[in-house]
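Here are a few exercises to work through with the model open beside you. Try each task before reading its solution.

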Amino acid sequence: MNRSPLRLLMPMAAALALTSVSAPALAQSMGDASHHMMAPPNLSLSAYGEVKVAPDKAMINFGVMTEAATAEEAMQQNAERMNRVMAALRRAGIAERDIQTSGLNLSPQYDYQPDQPPRLRGYQAVNRVTVTVRDLERVGSTADAVVSAGVNQIDGISFGLTDRTAAEDQARRLAVRDLQRKASLYAEALGVQLGGIRGLNEGTSMSVSPPMPYARGMAAMESADAGTSVAPGELTVRVDITGIYDLNR
């Protein structure tokens with residue numbers, strides 16, 4: 001009989017303790033929710049900056065393709081011709097660091113006839129190389145030199161920049177200037193004050209002209225003095241940004 005009151009008092013004490021601990025936490029949770037509900041309005045905008053620059057290097061993608069009755073013979077002929085091409089590149093002043101093998105392939109070649117099984121004709125070897133030419137005045141003569149040395153496949157010529165930093169920085173300034181202009185315009189039109197910027201995201205890109213096909217006219221083939229002419233044109237460096245501004249009423 002004496003233990004019954006004790007059992008009743010212990011749950012009540014625990015309940016009081018739980019209430020005293022949970023009340024501040026509940027108040028803080030409600031305060032956080034109120035804070036989120038009253039967050040200031042914001043403005044999300046996109047802008048970009050774009051600059052035109054002249055390229056300072058060119059990339060020539062070419063290959064040597066040989067065919068023979070056996071795989072060994074096809075590879076041997078390909079290696080001999082490629083050695084002549086490499087010697088021509090060295091004579092043209094191309095550094096070793098600017099010559100990169102981009103593909104080497106050996107594949108069987110078949111003849112197909114209706115209602116007959118394929119007949120092995122031989123093997124084809126292809127060695128592909130990418131060459132960077134840093135003197136744009138020598139792009140055409142370099143292409144002519146490798147063709148004369150044995151290159152029989154040229155995928156095209158593309159242009160680029162050795163260092164894009166200065167062009168990208170200029171495009172960034174133009175992009176930020178345009179973003180600020182838009183933000184001020186919207187704030188004025190809405191009748192509110194423009195606050196500070198909350199976040200900024202960036203993306204960069206460079207548009208280059210598509211690879212130019214290598215085509216040497218018949219007149220150029222007949223004249224030792226004629227050569228391939230190449231027009232590098234311009235490159236477009238672009239920076240896209242997205243900014244989020246606070247708006248003050």
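**Exercise 1.** Which residues does V85 touch, not counting residues up to four places away in sequence?

*Solution.* Some ground rules: this is a predicted model, where local features need pLDDT of at least 70, side-chain atom pairs count only at pLDDT 80 or more, and totals for chains, interfaces and linings use all residues. Residues are numbered from 1 along each chain as its sequence is written, and side-chain values use heavy atoms, with hydrogens and water left out.
- Look for contacts (heavy atoms within 4.5 Å).
- You get F62, V64, V146, A149, G150 and V151.
- Now zoom out: V85 is listed with F62, L89 and V131 as having the most contacts inside the largest nonpolar core, which has 41 residues. Elements supplying at least two residues of this core include α2 (71-91) and β4 (119-133).
- Such a core is a set of buried Ala, Val, Leu, Ile, Met, Phe, Trp, Tyr and Cys residues joined through side-chain atoms within 4.5 Å; buried means under 20% relative accessible area (1.4 Å probe, protein chains only).

**Exercise 2.** Check the span of α4 against its 26 residues.

*Solution.*
- Take 1.5 Å times one less than the number of residues.
- That should give 38 Å, and the end C-alpha atoms sit 37 Å apart, so the two agree.
- Just after α4, G191 has a positive phi of about 75 degrees.

**Exercise 3.** Find what the buried residues of α4 pack against.

*Solution.*
- Pick out the buried positions, among them A167, A171 and L179.
- Their packing partners are β1, β6 (193-207) and β7.

Notes:
Buried means under 20% relative accessible area, exposed over 50%, partly exposed in between (1.4 Å probe, protein chains only). Helices (H or I, at least four residues) and strands (E, at least two) are DSSP runs, numbered from the N terminus.
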